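Please keep the sequence and the structure in view while reading.

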Amino acid sequence: MSFCQFNGGEIYKEHFQPGVYVCSTCSHPLFTSRSKFAHSSPWPAFTETIREDSVTRMMASLTAFKVLCGKCGNGLGHEFVNDGPEQGLSRF
């Protein structure tokens, strides 16, 4: 699933069943439901990736990274540093 294009119908924002979230282009494993948390943004929010190489990060600002699939480079959105559910955690 790609998180960057929001059209008002994001079906995974309120989806909290156990599972793995994968890239919509190549099915590369990205996040697990264990790292998912409720957030006010219109997209699903996660605190960590499955593996270090699940995503590629590119600095966008001092507090955010552009996040791409670690396998195919599909745009996934951003990682917001120190904006997770607890102090010190990031939000993807």
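Strand 5 (residues 55-61) and strand 6 (residues 64-69) run antiparallel and are joined by six bridges. Strands here are DSSP runs of E with at least two residues, while helices are runs of H or I with at least four residues, both numbered from the N terminus; two strands count as paired if DSSP finds at least two bridges between them. The model is a predicted one, in which local features need pLDDT of at least 70 and side-chain atom pairs count only at pLDDT 80 or more, whereas totals for chains, interfaces and linings use all residues. Residues are numbered from 1 along each chain as its sequence is written, and side-chain values use heavy atoms, with hydrogens and water left out.

Two residues lie between strand 5 and strand 6, which together form a hairpin. Within this pair, S61 stands opposite A64 of strand 6. On to the next pairing: strand 6 also pairs with strand 7 in the antiparallel sense, over five bridges, and F65 is found opposite E79 in strand 7.

Together, three strands make an open sheet in the order 5-6-7, with antiparallel pairing. Strand 5 and strand 7 (75-80) are at the edges and have a single partner strand each, so one side of each lacks a neighbour in the sheet. On average, neighbouring strands of this sheet are turned by 30° against each other, direction ignored; the angles are taken between axes fitted as lines to C-alpha atoms, on a scale from 0 to 180 degrees between N-to-C directions.

The cysteines come next. A disulfide is a covalent bond between the sulfur atoms of two cysteines. With the cut-off for such a pair set at sulfur atoms within 2.5 Å, a search of the whole structure finds zero disulfides. C23 takes part in none, and its nearest cysteine sulfur, that of C72, is 3.7 Å away. The sulfur of C26 has its closest cysteine sulfur in C69, at 3.6 Å, which is too far for a bond.

C23 counts as buried because its relative accessibility is 1%, whereas C26, with a relative accessible area of 24%, is partly exposed. Buried means under 20% relative accessible area, exposed over 50%, and partly exposed in between, using a 1.4 Å probe and protein chains only.

Finally, the whole chain contains seven strands and zero helices. Of its 92 residues, 36% are buried.
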